[in-house]
Amino acid sequence: MSTVLVQINDHIATVTINKPEVLNALSTAVLADLNKALDEVEKVENIYAVILTGAGGKSFVAGADISEMKDMDAKQAAQYAEFADKIFFRIEDFHCPVIAAVNGFALGGGCELAMACDIRIASETARFAQPEAGLGITPGFGGTQRLARLIGAGRAKELIYTGRHVKADEAFSIGLVNKVTKPEDLMAETVAMAQVICQKAPFAIKKAKAAINRGLQVSIDKAVAVETEEFAQCFATEDQKMGMNAFVKKEKVEKFYNR
C-alpha cells in the first residue's frame with residue numbers, strides 16, 4: 001500500500017491516508033489501498049479500536065479526486081460511487097469502533113468518510129463541507145444519507161445546497177463531531193479515547209455497535225428486538241461473567257479477554 005499507512009500499537013490500529021501532496025484526495029488507488037489497509041487490520045487479533053486520519057496536517061481528506069472524475073460518464077460514476085460505498089460501509093460495520101481524527105479539510109468525500117466512522121474528533125483547524133453542488137453533482141459516497149441522520153434533514157439540506165464550510169466549533173454544536181481539540185492535542189486525545197474503549201469488554205462494544213447500526217435501519221419496535229438479540233449474546237461470554245461477578249464483589253476488572 002503506497003498511499004495508506006497502518007500502525008499497530010497494543011489493541012489500537014492507526015490508519016493514515018498518506019497523499020498530502022494532493023491533500024489526501026480519494027482517488028481509486030487511494031480507496032483501493034484503504035480497503036487493503038482494512039484487510040490488514042482485520043488479520044491482526046485483538047484490535048479493539050481503529051483511528052483513521054490523514055497525513056500532512058492540512059487535510060484529513062480534501063474530497064474525491066476531481067481530476068479522475070471529471071471525464072466519467074454516468075455508468076463510470078455509478079461504479080466509482082459503488083466502490084467507495086462498499087469501503088465506507090465496511091468502515092461503518094467494522095468489528096470494532098473506528099474513530100476519525102480530523103486534522104484539517106474534510107470536504108466532499110472526506111466529510112463522507114468521517115461520517116462513516118463511529119466517532120469524529122476534530123482539530124480546531126478542521127473544516128467540513130459537502131461542496132458537490134458547486135461542481136454540478138450531488139454527494140455520492142453516502143453524504144446525503146449520513147449527514148441527514150447525524151444532524152437532521154434541515155441542516156443537511158442547507159449544507160449540501162449551499163456547500164458552505166463548517167468550522168470545528170459549529171460542527172460540534174450541530175452534532176457532526178463529538179469533540180474538538182487543539183491541533184497539537186488531536187492524536188493524543190484520539191488515542192486516549194481509543195484506550196478507554198479498549199478497556200471495556202470488546203465483545204460488548206461490538207454488539208452495542210451492531211445494535212445501534214442495525215436499529216437505525218428499522219422501526220423502533222424492531223430496533224428494540226435487535227437490541228435484545230445483541231444483548232442476549234453477551235451472556236454467552238466469559239467477559240460478561242467476569243464483569244458482573246466483579247461488580248457484585250465490588251472488585252475491578254483489570255482486563256477483559258474478548259471471549
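**Partners on the chain: notebook entries**

Entry one. I began with glutamate 238, which is partly exposed, with a relative accessible area of 48%. The model is predicted, and I kept that in mind throughout.

I then asked myself: which side chain meets that of glutamate 238 in a salt bridge? I found arginine 259, at 3.0 Å from N to O. This pair links distant parts of the chain, 21 residues apart: glutamate 238 sits in helix H11 (238-248), and arginine 259 in the segment after H11. Arginine 259 is partly exposed as well, with a relative accessible area of 46%.

Entry two. How many salt bridges does the structure hold? I noted 13. As a reminder to myself, side chains of opposite charge can pair when their charged atoms come close.

I looked up lysine 179 and found its side chain in a salt bridge with that of glutamate 189, at 2.8 Å from N to O. Here too the pair links distant parts of the chain: lysine 179 belongs to strand E10 (residues 179-181) and glutamate 189 to helix H8 (residues 186-198), 10 residues apart. Lysine 179 has a relative accessible area of 31%, so I filed it as partly exposed. Glutamate 189, at 29%, is also partly exposed.

Entry four. I wrote down a network too: salt bridges link Lys207, Arg214, Glu229 and Glu230.

Next came helix H6, residues 153-162. Which of its residues are buried? My list reads Ala156, Leu159 and Ile160. Looking down the axis of H6, I saw that these buried residues fall within an arc of 95°, so they line one face of the helix. On the other side of H6, I found Gly154, Tyr161 and Thr162 exposed.

What do the buried residues of H6 pack against? I traced them to helix H5 (143-151) and strand E9 (166-167).

I followed the chain just past the end of H6 and came to glycine 163, which takes a positive phi of about 70°. I then looked up arginine 164, whose side chain meets that of glutamate 158 in a salt bridge, at 2.8 Å from N to O. Arginine 164 has 29% relative accessibility, so it counts as partly exposed. Glutamate 158, at 33%, counts as partly exposed too.

Methods
Residues are numbered from 1 along each chain as its sequence is written. This is a predicted model: local features need pLDDT of at least 70, side-chain atom pairs count only at pLDDT 80 or more; totals for chains, interfaces and linings use all residues. Side-chain values use heavy atoms; hydrogens and water are left out. Buried means under 20% relative accessible area, exposed over 50%, partly exposed in between (1.4 Å probe, protein chains only). Helices (H or I, at least four residues) and strands (E, at least two) are DSSP runs, numbered from the N terminus. The arc is that of the directions from the helix axis to the C-beta atoms. Contact means heavy atoms within 4.5 Å.
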